[in-house]
Amino acid sequence: MSFLPAPVSEILYLNQYRCPYCQIQWDDEWNCACNDRCPSCNAEISPYHSEVLTEENPSPAYAVTYTLDYTHRVVVGIVAESADGAQAVAEAAFDDGTIWDDTPEMPLLFDDFEEVDGKTPRWQVEAVDVWPKADASVVKLRQERTAMAVCRGLIDAYQRGKDAGGSIDWDNLDQLLTLAKQALGLSDSDPAA
């Protein structure tokens, strides 16, 4: 299992910069003593001083789990001569892994998890030095949430372009492209297509 550092243990640095070209000075916080770009001339500048802002937080971190009994309920539409025949078709589709294909011949009508009545959550707490890596189910939820944000942004960009006489602001689309790549699990350096 891979692990990520717990956010409570992140070390921040206050980096101080001075541009030799513009004579501008600025401070910025980073998780390392790294170079920054001059806000005036965009030259890459090394910090002349870095100071640790936060040490590891002495408060312990915990991974807290709750377990709750549930029922996975799936409803599909099947045309058959009898209830037994419909069940046989559904069981065969389940065994073949095609029951979730949502086809016109067998539309998926319901697919959700429902809590079992009368059950209470069971809790488990484990002290951790690092957070466990997010499960694939969480990654999928995050990607879906980001994809929905891209869809809303595209609709907004289209409407703004329409209101502006047909011209779409590329800055808006560039931001959406970055989000779209995140939704697909790509990095910013990956090509768009």
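A crossing of two helices is called left-handed if the near helix is turned anticlockwise from the far one by less than a right angle. In this predicted model, the crossing of H2 and H3 is left-handed. Helix H2, which spans residues 136-163, packs against helix H3, residues 170-183, at an angle of about 160°, and their axes lie 8 Å apart. Because angles over 145 degrees count as roughly antiparallel, H2 and H3 are therefore roughly antiparallel to each other.

On the H2 side, the contact is made by Gln143, Thr146, Ala147, Ala149, Val150, Gly153, Leu154, Ala157 and Arg160, while H3 contributes Asn172, Leu173, Leu176, Leu179, Ala180, Gln182 and Ala183. When these residues are sorted by class, the contact of H2 with H3 has 10 nonpolar, 5 polar and 1 charged residues.

The second largest pocket, with a volume of about 170 Å³, is lined by Ser137, Val138, Lys140, Leu141 and Glu144. The lining of this second largest pocket divides into 2 nonpolar, 1 polar and 2 charged residues.

Notes
Residues are numbered from 1 along each chain as its sequence is written. This is a predicted model: local features need pLDDT of at least 70, side-chain atom pairs count only at pLDDT 80 or more; totals for chains, interfaces and linings use all residues. Side-chain values use heavy atoms; hydrogens and water are left out. On a 1 Å grid over the protein atoms alone, a cavity is a set of points where a 1.4 Å probe fits but cannot get out, and a pocket is an open set with protein on both sides within 12 Å along at least five of seven lines; lining residues have an atom within 4 Å of a point. Grid points are joined across faces, edges and corners, and a volume is the space filled by probe spheres set on the points. Ala, Val, Leu, Ile, Met, Phe, Trp, Tyr, Cys and Pro count as nonpolar, Asp, Glu, Lys and Arg as charged, and the others, Gly among them, as polar. Axes are lines fitted to C-alpha atoms, for helices over the stretch in contact, and angles run from 0 to 180 degrees between N-to-C directions. Helices (H or I, at least four residues) and strands (E, at least two) are DSSP runs, numbered from the N terminus. Angles under 35 degrees count as roughly parallel, over 145 as roughly antiparallel, 65 to 115 as roughly perpendicular and the rest as oblique. Contact means heavy atoms within 4.5 Å.
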